[in-house]
Amino acid sequence: MTDTERWRGIAAVTFVSAAVALLFTAPGALLVAVVGGAYAGYARFDTEPSPDLSVEREVSDSTPARDDEVEVAVTVRNDGGFLPDLRLLDGVPDAVEVTGGSPRLATALRAGKEASFSYLVEAPRGDHEFGDLTVVARDVAGSVEVETTVAVDGDDTIRCVPELDTIDGFPLRSQATRQVGRLTTNEGGTGVEFHATREYRRGDPLSRLDWQRLARTGELSTVEFREERAGTVVLVVDTRESAYVADADEESAVDRSVGAAGAVASALLDAGDRVGLASCGPRTAWLAPGLGRDHRQRLRRSLALDDAFAPTPPDEPFFSRTTLVRLLGRLPSDAQVVCFTPLVDDGVAAFARQLDAHGHPVTVVSPDPTGGSEVGETLARVERRLRIRDVRRAGVRVLDWAAGTPLAVALATAERRWRT
């Protein structure tokens, strides 16, 4: 129970008015003293409220798609006595945005009666659990209030697992691997691009004989093509607290990175590459490289539901060296890395260079959060550009992805740069 101090000073006013009325025989002052005394007594001796409520919550869709609006309806029943001043607040999850209506209600509620309110929310990816209903009840005079929470029956969770975004493809860097696929290598084999000729060996297919040379010189030789092989790729998302930055009215860099990772994973899996997933942050996530429809669904669910990729920043400490050593121990020897980071500091820039130096070719996809024209924003933008230049000089490919630009457009621009 808390004293609201709503009638603070009324006793002093009453005393002063009574004194004036006695000293100067002022009827007006006497009337003020009488009314003030009545209010002060009423406020002091009014009954303390004791809310006894039953609450039920209903969610229109507990598994919405991305950008879908969900209606939340709350019904409150008074199982106790009359509540003259009742204020309610539903426990909306922190990451969920209220887009219509209000999760609050102020009302009076008689015994056995019900009150209802509803509002609309839009949930980002992940599991979002509603909390208890917060209740504030005041007496008739408003001098005393009781604040408590009430458990809610019915729906309490919204789960949003978005479909992976799609792009036409994602270019990988050359690497050596044993599986046939789409990566061109510097080794001869059964591809489509000419590589070299060699002496004919018994068993070579007739389709690979160099017939022109046979007609010209009478010598048998076999044509070898540049072999194409499957890639093994691990997508690493920067999920440190510093990565949760955003330009005005834009998604955070982590949200953009997670969306981009899903699109790149989808494109690579469609091309027959093996794809894995990891986090670079205080919360560890790891999904070993794999193929197939089931693996695609595991990757999709991990991006949406794993705490490591949560829409809200972590508050745990991060140890870069430990994370690097752990990741190097898990990476297959032939794996390359696609790192998604806003490059707002030197932490993951150094991380990417170290991975590349350990023999894992790295491509950085960097959502740019440095919009705006303020002095601090301009300085951050310049520092980031210098950081990107240093990473490129170390031999790491960087896709600088401006806010508001579709990933496919930014990728097409970067591919032209990478070819030169």
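**Exercise 1. Overall make-up**

State how many helices and strands the protein has, and what share of its residues count as buried.

*Solution.* Step 1: the protein has 9 helices and 21 strands, where helices (H or I, at least four residues) and strands (E, at least two) are DSSP runs numbered from the N terminus. Step 2: the model is predicted, so that local features need pLDDT of at least 70 and side-chain atom pairs count only at pLDDT 80 or more, while totals for chains, interfaces and linings use all residues. Residues are numbered from 1 along each chain as its sequence is written, and side-chain values use heavy atoms, with hydrogens and water left out. Step 3: of the 420 residues, 42% count as buried; buried means under 20% relative accessible area, exposed over 50%, and partly exposed in between (1.4 Å probe, protein chains only). Step 4: among contacts (heavy atoms within 4.5 Å) with a separation of 6 or more, 71% are made by residues 24 or more positions apart.

**Exercise 2. The largest nonpolar core**

Determine which residues touch the most other members of the largest nonpolar core, and which elements supply it.

*Solution.* Step 1: a nonpolar core is a set of buried Ala, Val, Leu, Ile, Met, Phe, Trp, Tyr and Cys residues joined through side-chain atoms within 4.5 Å. Step 2: the largest one has 37 residues, and Leu235 and Phe340 touch the most other members. Step 3: at least two residues each come from strand 16 (232-238), helix 4 (253-270), strand 17 (274-280), helix 5 (292-305), strand 19 (336-340), strand 21 (397-401) and helix 9 (407-419). Step 4: helix 4 gives the largest share of this core, 10 residues. Step 5: another core, of 24 residues, lies apart from this one and includes Val70, Ala123, Phe130 and Val150. Step 6: beyond its neighbours within four places in sequence, Leu235 is in contact with residues including Ala261, Val264, Leu268, Val338 and Phe340.

**Exercise 3. The two faces of a strand**

Assign the residues of strand 3 to its covered and uncovered faces, and identify its pairing partners.

*Solution.* Step 1: strand 3 (residues 69-78) has Val70, Val72, Val74, Val76 and Asn78 on the covered face. Step 2: its uncovered face holds Glu69, Glu71, Ala73, Thr75 and Arg77. Step 3: two strands pair if DSSP finds at least two bridges between them. Strand 2 (residues 53-59) pairs with strand 3 in the antiparallel sense over 7 bridges, and Val55 stands opposite Val76. Step 4: strand 7 (residues 114-122) also runs antiparallel to strand 3, joined by 9 bridges; there the bridge partner of Val76 is Ala115.

Which residues of strand 8 are buried?

*Solution.* Step 1: in strand 8 (residues 126-129) the side chains alternate, with Gly126 and His128 pointing to one face and buried. Step 3: strand 8 pairs with strand 12 (residues 157-160) over 4 bridges in the antiparallel sense, and Asp127 stands opposite Arg159.

**Exercise 4. A pair of helices**

Describe how helix 6 and helix 7 are arranged.

*Solution.* Step 1: two packed helices are described by the angle between their axes and the distance between the axes. Step 2: axes are lines fitted to C-alpha atoms, for helices over the stretch in contact, and angles run from 0 to 180 degrees between N-to-C directions. Step 3: the axes of helix 6 (residues 320-330) and helix 7 (residues 346-357) come within 11 Å and cross at roughly 30 degrees. Step 4: helix 6 is therefore roughly parallel to helix 7, given that angles under 35 degrees count as roughly parallel, over 145 as roughly antiparallel, 65 to 115 as roughly perpendicular and the rest as oblique. Step 5: Ser320, Thr323, Leu324, Leu327 and Leu328 in helix 6 meet Phe351, Gln354 and Leu355 in helix 7.
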